[in-house]
Amino acid sequence: MKIGFIGLGVMGRPMAKNLLKAGHELYVYDVVSKGVEELAAAGATAVSSNKEVAANSDVVITMLPNSPHVKTVILGVNGVLEGRHEGMKIIDMSSIAPLVTKEVGQACAEAGVPMLEAPVSGGETGAINGTLALMCGGDKELFNEMLPVLNAMAGTITYCGGLGAGNTTKLVNQHILAVEIATVAEAFVMGAKAGVEPEVIYNAIKNGYAGSKVLDGKLAMAMDRDFRAGFRLDLHIKDLNNVLETGHALGTPMPLASLVMDEMKYMSANGCGSEDHSALMKYYEKIAGVELKRAEK
Ligand code: NAD
């Protein structure tokens, strides 16, 4: 199939490569040339605008930072809708505000272009291995039709409901993840300040109810003092912003998300915005004056 891929960042590059490996013909664009060059070297055709991607493709996939980028790329000047043609479909895989998904989907429908949302979790590793978890929203028939394309990038694919349901599900994931990183940091900093090695605590509790993928993956980053992203702290701030906006619009309580949002913003303002979101742990370390590093052997 002829597939267009727009947004060749940390996630988009490996996802696009997996589509190539699955035998699809790929047309790619990004405002930054690095990803485009990498995909062209892997066998994709580089074009010079989002409109041109659409003009060449049966299915256009977008993997962009946030809601405004998706609006610009799909609805904007020289954008995807300007390159539309009979039979073209859009899959937006970015994590954005559910209300914007509905708005963009409506504009696409009015232009005669069906749109599916399929935000992902699983990080860069999941993108490289083609094992991402997809949370899809939109027309069920369109979802079924797009499964062969989605399968090339995913390990788990869940149909969550109409447009907006996928990004709502993703926000639940991002909320839990943010609060869990903060909880691990708060508890382990207390333990370390009391004089117990973080690695000893980790090994003692990892197989009980407090064990989790966050504990395994994110605590290890703090213990190794390796905060290279991964998932950038600033992208998580973006997600929590969407969590808070959605919760406030619905009138649901959001005290934990608000608290962690402030802590993440503080760390971003102190130079950690481009680090992995596990850098949130440094907020707790800094106040307590301890680091969660491994003991020297
Ligand atoms: P990224 O910033 O690395 O990549 C986004 C790409 O979009 C960049 O290359 C950027 O140049 C491009 N872009 C921006 N505006 C554009 C435009 N107008 N036209 C064309 N290209 C444009 O981000 P990422 O880490 O790849 O994440 C993408 C999305 O996936 C985000 O919504 C993020 O929240 C979500 N996500 C990321 C991870 C992760 O671990 N990085 C995990 C799950 C979900």
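Colleague: How are H4 and H5 oriented to each other, roughly parallel or roughly perpendicular?

Modeller: Please keep in mind from the start that this is a predicted model. As a general idea, two packed helices are described by the angle between their axes and the distance between the axes. Here the axes of helix H4, residues 67-75, and helix H5, residues 98-110, cross at roughly 5° and come within 10 Å. Angles under 35 degrees count as roughly parallel, and H4 and H5 are therefore roughly parallel to each other.

Colleague: Which residues of H4 and H5 make the contact?

Modeller: On the side of H4 they are Ser67, Lys71, Ile74 and Leu75, while H5 contributes Val100, Glu103, Val104, Ala107 and Cys108. Sorted by class, the contact of H4 with H5 has six nonpolar residues, one polar residue and two charged residues.

Colleague: At what angle do H8 and H10 pack?

Modeller: Helix H8, which covers residues 165-193, packs against helix H10, residues 213-224, at an angle of about 65°, and their axes are 10 Å apart. Angles from 65 to 115 degrees count as roughly perpendicular, so H8 and H10 are described in that way, as roughly perpendicular to each other. The crossing of these two helices, H8 and H10, is right-handed. In this contact, Leu177, Glu180, Ile181, Val184 and Phe188 of H8 meet Val214, Leu215, Lys218 and Leu219 of H10. By class, the contact of H8 with H10 has seven nonpolar residues, two charged residues and no polar ones.

Colleague: Is the crossing of H8 and H11 left-handed or right-handed?

Modeller: H8 passes H11 in a left-handed crossing, with axes that come within 9 Å and cross at roughly 115°. The residues of H8 that take part are Leu171, Gln174, His175, Leu177 and Ala178, and they meet His236, Asp239, Leu240, Asn242, Val243 and Thr246 of H11. The contact of H8 with H11 divides into five nonpolar, five polar and one charged.

Colleague: What should I look for in the backbone itself?

Modeller: The general idea is that most residues other than glycine have a negative phi, and most peptide bonds are trans. In this model, Asn78 has a positive phi of about 60°, although it is not a glycine, and Asn78 lies in the loop between H4 and strand S5. A cis peptide bond, with omega of about 15°, joins Ala229 and Gly230, and Gly230 is placed in the loop between H10 and helix H11.

Colleague: Which residues come nearest to the ligand?

Modeller: Of the 26 residues around the ligand, those that come nearest are Val10, Met11, Asp30, Pro65 and Lys238. For Lys238, an N or O atom in the side chain is 2.8 Å from an oxygen atom of the ligand. An oxygen atom of the ligand is also 3.0 Å from a polar backbone atom of Leu64, and for Arg232 an N or O atom in the side chain is 3.4 Å from a ligand oxygen atom.

Key:
Residues are numbered from 1 along each chain as its sequence is written. This is a predicted model: local features need pLDDT of at least 70, side-chain atom pairs count only at pLDDT 80 or more; totals for chains, interfaces and linings use all residues. Side-chain values use heavy atoms; hydrogens and water are left out. Axes are lines fitted to C-alpha atoms, for helices over the stretch in contact, and angles run from 0 to 180 degrees between N-to-C directions. Helices (H or I, at least four residues) and strands (E, at least two) are DSSP runs, numbered from the N terminus. Angles under 35 degrees count as roughly parallel, over 145 as roughly antiparallel, 65 to 115 as roughly perpendicular and the rest as oblique. A crossing is left-handed if the near helix is turned anticlockwise from the far one by less than a right angle, and right-handed if clockwise. Contact means heavy atoms within 4.5 Å. Ala, Val, Leu, Ile, Met, Phe, Trp, Tyr, Cys and Pro count as nonpolar, Asp, Glu, Lys and Arg as charged, and the others, Gly among them, as polar. A residue is near a molecule or strand if one of its heavy atoms lies within 4 Å of it. A polar contact is a pair of N or O atoms within 3.5 Å; within protein, one must be able to donate a hydrogen and the other to accept it, and residues adjacent in sequence count only if both atoms are side-chain atoms.
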